[in-house]
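Visitor: I have a structure open and would like to learn how to read it. Can you take me through it, feature by feature?
Guide: Gladly. Let us look at it together.

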Amino acid sequence: MQKKFWRCYVCNDIHWGVKPPDLCPTCRVKSAYIETPSREARTILDQPLADGPDFSRDDFRRAIETFARDNEFRVNPDPVKVESLLDGLFANEENHGLKYCPCRLRTKEFEEDIKIICPCHFPAHETYKGQEQGECWCGLFIKR
Amino acid sequence: MLRKIMFHGRECPHCKAMMPLVEKLIQETGIAVERLEVWHDEKNADLMRSFRPAIAAKCGGQLRVPTFIDPDASDVMCGEVPYETLKAWAER
Ligand code: SF4
C-alpha cells in the first residue's frame, strides 16, 4: 500500500496516505482532496523557519500534554525521566534529523524508522498492551 | 574471558537504571561487559545494526536499548531486568 500526498483544493491542507480523507478536517468540504506531486506537497508543508528551532522543547512538551489529554494515557509525572527523554529526542533531532525514540536505534530504513518518531504507536507495545500499568517502551507515556 | 556487550542510549531511562546492575555484575563476576552507546556514536550504532536479525527476533522486531548480547552465541536479551536475570544471562 503506497502512501501518496493529497491536497485539499479549498484550503491546501496536505494529507499523506493511501486514500484521501472524505471530509477535509479543516474546511469541512467533502471530496476536496486531489492527488498531488510530492514536490508540491513538500513546498506547502515546508513553511519558512523563524530564527532558532521551529518547535522548541516547550512547544513539544505542550504538544504531548495536549495529545495525551484526550487519551487513556498521560505524560509520565516523573520530571527527571521526562527531561532525560526530551534531551534524547532533541539530540536525535539535531544529530539524526528527527525526534527518534531514545530507547531504540534507527535502522536507516525509512519505512522502519518513521515508526520510531516520538510519539510512536506505543499502545501496540507489549509493555503497554494488556498491562494494568502499561507504559511506552521508554516510559514517556503511561496508562492512566 | 567471556565477552559481552550492552548496547545503550545515553538518554534512555531503562539503560540508566541498568547501569548500576551492570557495574555490580562486573565487580561480582569479573565478566567483561562492554558498554556501547549507540545514539551518539555511529560506529557503535553500526555494530548494533550488524546484529539486527538476532536482536529484532528477541526485541519486538526492533533495535531496542538496552540490549545485552553475546557476540559469539548471539544470545540476546533486551529491556530493564532484575539483577538475577542479568546475571543468569551473563553466565549462560
Ligand atoms: S517509546 Fe515512548 S519515548 Fe519512545 S518514541 Fe515511543 S512514545 Fe516516544
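Visitor: How many salt bridges does a search of the whole structure find over all chains?
Guide: Start with the general idea. Side chains of opposite charge can pair when their charged atoms come close. This is a predicted model. In it, the search over all chains finds 18 salt bridges. Take one within chain A: Arg61(A) pairs with Asp58(A), and their closest N and O atoms are 2.5 Å apart.

Visitor: Why are Arg61(A) and Asp58(A) separated by about one helical turn?
Guide: Both belong to helix 2 (residues 57–69) of chain A, and because they are three residues apart there, about one helical turn separates them.

Visitor: How many salt bridges are counted between chain A and chain B?
Guide: Four. One salt bridge to look at is Glu126(A) with Arg64(B), where the closest N and O atoms are 2.8 Å apart.

Visitor: What else describes the contact between the chains?
Guide: Look at residues and area. Chain A gives 27 residues to the contact and chain B gives 20 residues. Together the two chains bury about 2,100 Å², with 54% of it on carbon and sulfur atoms. On the chain A side, Arg104(A), Leu105(A) and Trp137(A) lose the most area to chain B; together they make up 33% of what that side buries.

Visitor: Which residues are around the ligand?
Guide: Chain A supplies Cys101(A), Arg104(A), Cys118(A), Pro119(A), Cys120(A), Phe122(A), Cys136(A), Trp137(A), Cys138(A), Leu140(A) and Phe141(A). Sorted by class, this shell has ten nonpolar, no polar and one charged residues.

Visitor: Now the backbone. What should I look for?
Guide: Look for exceptions. Most residues other than glycine have a negative phi, and most peptide bonds are trans. Here the peptide bond from Cys118(A) to Pro119(A) is cis, with omega near -5°. Pro119(A) sits in the loop between helix 4 (110–113) and strand 5 (141–143) of chain A. Chain B has a cis peptide bond joining Val65(B) and Pro66(B), with omega about -5°. Pro66(B) is in the loop between helix 3 (52–58) and strand 3 of chain B.

Visitor: And phi?
Guide: Check Arg28(A). Its phi is positive, about 65°, although it is not a glycine. Arg28(A) lies in the loop between strand 2 (14–17) and strand 3 (33–36) of chain A.

Visitor: How do I read a sheet?
Guide: Strands of a sheet pair through backbone hydrogen bonds, either parallel or antiparallel. Chain A has an open sheet of three strands in the order 2-1-3, with antiparallel pairing. Strand 2 and strand 3 of chain A are at the edges with a single partner strand each, so one side of each has no neighbour in the sheet. The twist from one strand to the next averages 35°. Strand 1 (residues 4–8) of chain A is joined to strand 2 of chain A by four bridges. Trp6(A) stands opposite His15(A) in strand 2 of chain A. Helix 1 (residues 38–45) of chain A packs on the sheet, touching strand 1, strand 2 and strand 3 of chain A.

Visitor: In what order do the four strands of the open sheet in chain B run?
Guide: The order is 2-1-3-4, and the pairing is mixed. Strand 1 (residues 3–8) and strand 2 of chain B are parallel, over six bridges. Phe7(B) stands opposite Leu36(B) in strand 2 of chain B.

How values were computed
Residues numbered from 1 in each chain as written. Chains lettered and ligands numbered in written order. Predicted model: local features only at pLDDT ≥ 70, side-chain atom pairs only at ≥ 80, totals over all residues. Heavy atoms only, no water. Pairing = 2+ DSSP bridges. Helix = DSSP H or I, 4+ residues; strand = E, 2+ residues; numbered from the N terminus. Near = heavy atom within 4 Å. Nonpolar A, V, L, I, M, F, W, Y, C, P; charged D, E, K, R; others polar. Contact = heavy atoms within 4.5 Å. Buried area = accessible area lost by both parts, 1.4 Å probe. Salt bridge = Lys/Arg side-chain N within 4 Å of Asp/Glu carboxyl O. Axes fitted to C-alpha atoms, helices over the stretch in contact; angles between N-to-C directions.
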